[in-house]
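This briefing covers aromatic contacts, strand pairing and helix packing. Please read it alongside the sequence and the model.

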Amino acid sequence: MDTFFLPVDAVPAGQRLLVCHAAKGPARGGVVYVPPFAEEMNKSRRMAALQARALAAAGWTVLLPDLAGCGDSSGELAEVHWHDWVADVQRCVAWLRQRREGPVWLWGLRLGCLIAADAARHDPTLRRLLFWQPPAAGKTLLQQFLRLRMASALEQGAHRGVVEKLRAQLAAGECIQVAGYELGPALAQGIDAAALRAPAGPGLVIWREVTRDPSDGLAPAGQATRAQWAQASWTVDAGIRIGPAFWQTTEVEVAPALIETQLPELESVEAR
């Protein structure tokens, strides 16, 4: 594993922290991880690291970046735009392609799936996508994020309407504070407008959702989205894996079944 900073001239200028898990043995290709948002990113770091190590041991070079305004990368979250994150993913892909041969996968988790899909729409060569717990739209994730503030306010005896007030502040061009994160109106607007739309196909997306109960099956909310991807000439390999919702659990948890099955699934695709 190597940790380094990638210089960036564009706004927000400075550098992006990259953690690189270099391939061991014959190189198969590269994988760029696109993380989720806010505290979900922190809760998921262990899962991302474990999966990256497993892939690297099998010949994949994996990049785990801190996107602009996140972690140890340059920029303030309040000043970040959606397109800054898409550009960061494109920079990671370019870095990999300059140093490694073979196919490149974009691996997104939660909001990262929406960012990855947007990056793929800008680059017709990115036609291998791995989605973990993908949402159909960013609007849902933004609403869940704002509700964190509502829960805190209700504990303090505040009246209802907290989320509506926060949205009004964002619409007025103000930054808001939620769970220790300062969210700016530009990024909020980008998240709110993001949708899991399919780029022009053909391509392949491995779609995985995590549940503790195998009888749950895939979330019905994603059915229409998966159908839209299929109509756009994408092969959609969708399925569930048993495990905890590690991106939101109180304690840091992992879903071993998700990690154990991912490598053979990628190998199966490349063997076709």
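Rings of Phe, Tyr and Trp (for Trp, the six-membered ring) count as a pair if their centres lie within 6.5 Å. By ring pairs of this kind, Tyr33, Trp107, Trp132, Phe246 and Trp247 are linked into a cluster. The model is predicted, and it holds 12 aromatic pairs.

**Aromatic pairs around phenylalanine 131**

- A pair of aromatic rings is described by the distance of the centres and the angle of the planes.
- The pair of phenylalanine 131 and tryptophan 207 is edge-to-face, with 6.3 Å from centre to centre and 65° between the planes.
- Phenylalanine 131 belongs to strand 6 (residues 128-132) and tryptophan 207 to strand 9 (residues 203-211), so this pair ties together parts that are 76 residues apart in sequence.
- Phenylalanine 131 also forms an edge-to-face pair with tryptophan 229, at 5.6 Å centre to centre and 90° between the planes.
- Tryptophan 229 lies in helix 8 (residues 223-231) and phenylalanine 131 in strand 6, so here the parts tied together are 98 residues apart in sequence.
- The relative accessible area is 0% for phenylalanine 131, and tryptophan 229 is buried with a value of 1%.
- Tryptophan 207 has a further contact: the charged end of arginine 226 sits over its ring, 5.2 Å from the centre.

- Strand 9 pairs with strand 6 in the parallel sense over five bridges.
- Phenylalanine 131 has tryptophan 207 as its bridge partner in strand 9, and the two residues also form an aromatic pair.
- Strand 9 and strand 10 (residues 234-242) run parallel and are joined by nine bridges.
- The bridge partner of glutamate 209 in strand 10 is isoleucine 240.
- From strand 9 the chain crosses through helix 8 to strand 10, in a β-α-β crossover that is right-handed.

- Which order do the strands take in the open sheet? The eight strands are arranged as 1-2-4-3-5-6-9-10, with mixed pairing.
- Strand 1 (2-8) and strand 10 stand at the edges with a single partner strand each, so one side of each is left without a neighbour in the sheet.
- On average, neighbouring strands of this sheet are turned by 20° against each other, direction ignored.
- Strand 3 (residues 29-34) and strand 4 (residues 60-65) run parallel and are joined by four bridges.
- Glycine 30 has threonine 61 as its bridge partner in strand 4.

**Helices across the sheet**

- Helix 3 (residues 82-99) lies across strand 1, strand 2 (14-21), strand 3, strand 4 and strand 5 (104-109), and runs at about 160° to strand 3.
- Helix 4 (residues 111-122) lies across strand 3, strand 5 and strand 6, at about 145° to strand 5.

Methods. Residues numbered from 1 in each chain as written. Predicted model: local features only at pLDDT ≥ 70, side-chain atom pairs only at ≥ 80, totals over all residues. Heavy atoms only, no water. Phe/Tyr/Trp six-rings, centres within 6.5 Å; stacked < 30°, edge-to-face > 60°. Helix = DSSP H or I, 4+ residues; strand = E, 2+ residues; numbered from the N terminus. Buried < 20%, exposed > 50% of the residue type's maximum accessible area, 1.4 Å probe, protein only. Lys NZ or Arg CZ within 6 Å of the ring centre and 35° of its normal. Pairing = 2+ DSSP bridges. Right-handed = clockwise from strand over helix to strand, strands pointing away. Axes fitted to C-alpha atoms, helices over the stretch in contact; angles between N-to-C directions. Contact = heavy atoms within 4.5 Å.
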